[in-house]
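Subject: Structure handover

Hi,

Here is the structure I promised to pass on.

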Amino acid sequence: MKTLNEKRQDMTRGLILDAAFELLCGGAVSELTVRAVAQHAVISERTVFRYFPSRDALLDAVAAYLLEKMAVPAVPESREGLLAAPRLLYQAFEERADYTRAALHPELVGKVRSLQANGRWEAVSRLLKAIAPKAPAAEQRIAAANICYHLTASSWNYYRSAFGFELEECIACAEAAGRQALDGIGGGKR
């Protein structure tokens, strides 16, 4: 059981992260700063630094917070899961669009990717080796890259904003890219 002090610390930490998220959503600042977060949370900068010793530590925590709030589905573990992944991911992005777009903020997108992309890359690469073991390694890498590219919030956002696509059209684009990548290495049919 948490002590009163531990509960208060959790609440303050949550207040800071919520304030950072609200600033990202509102587009009120061109750069996410400790000062702006502190002012928005109506606390002192010193309090923010007590929880996050540097701006970089704050940004790392915000990236992790956004990923948690986005509730991104697990990495696929089968061919069928890989083909279903665009629908699951894009629906999650759509349902939590504010968190997803905040995660795409220039100050955070690299951190969010580093927290998630490596695991997805490794899982998809491993899966493609199992699906198409005779395909050349270079072709497997290219297929994995294409699949991973279409399993990102950036791709979802691009389809939505650049083309004005509805969710189902976004999903169809990503599913088609996945099928084409699998077909290209001989893993499309079983």
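Lining residues have an atom within 4 Å of a point. Grid points are joined across faces, edges and corners, and a volume is the space filled by probe spheres set on the points.

This is a predicted model, in which local features need pLDDT of at least 70 and side-chain atom pairs count only at pLDDT 80 or more, while totals for chains, interfaces and linings use all residues. Residues are numbered from 1 along each chain as its sequence is written, and side-chain values use heavy atoms, with hydrogens and water left out.

Now the cavity. Searching the whole structure turns up one cavity of 30 Å³ or more, and the volume of the largest cavity is about 80 Å³. Its lining includes Leu 82, Pro 86, Ile 147, His 150, Glu 175 and Arg 179. Two or more lining residues come from each of α5, α8 and α10 (helices are DSSP runs of H or I, at least four residues, numbered from the N terminus). The biggest share is from α10, which gives six residues. By class, eight lining residues are nonpolar, two polar and two charged (nonpolar: Ala, Val, Leu, Ile, Met, Phe, Trp, Tyr, Cys and Pro; charged: Asp, Glu, Lys and Arg; polar: the others, Gly among them).

The largest pocket holds about 340 Å³ of space. It is lined by 18 residues, of which Arg 113, Ala 117, Arg 120, Thr 152 and Ala 153 are the closest to its centre. Helices α7, α8 and α9 each supply at least two residues of this lining, with α7 giving the most, eight residues. Here the classes are twelve nonpolar, four polar and two charged.

Among the buried residues of α7 are Val 109, Arg 120, Leu 127 and Ile 131 (buried is under 20% relative accessible area, exposed over 50%, partly exposed in between, with a 1.4 Å probe and protein chains only). The buried residues of α7 pack against α4, α5, α6, α8, α9 and α10, where contact means heavy atoms within 4.5 Å.

Finally, some single residues. Ala 38 lies in helix α2 (residues 34-41) and counts as buried because its relative accessibility is 1%. Beyond its neighbours within four places in sequence, Ala 38 is in contact with Ile 43, Ser 44, Glu 45 and Val 48. Val 42, in the loop between α2 and α3, has a positive phi of about 55° although it is not a glycine; at 71% relative accessibility, Val 42 counts as exposed. Ala 71, in the loop between α4 and α5, also has a positive phi, of about 50°, and at 39% relative accessibility Ala 71 counts as partly exposed.

Best wishes

Terms used: On a 1 Å grid over the protein atoms alone, a cavity is a set of points where a 1.4 Å probe fits but cannot get out, and a pocket is an open set with protein on both sides within 12 Å along at least five of seven lines; lining residues have an atom within 4 Å of a point.
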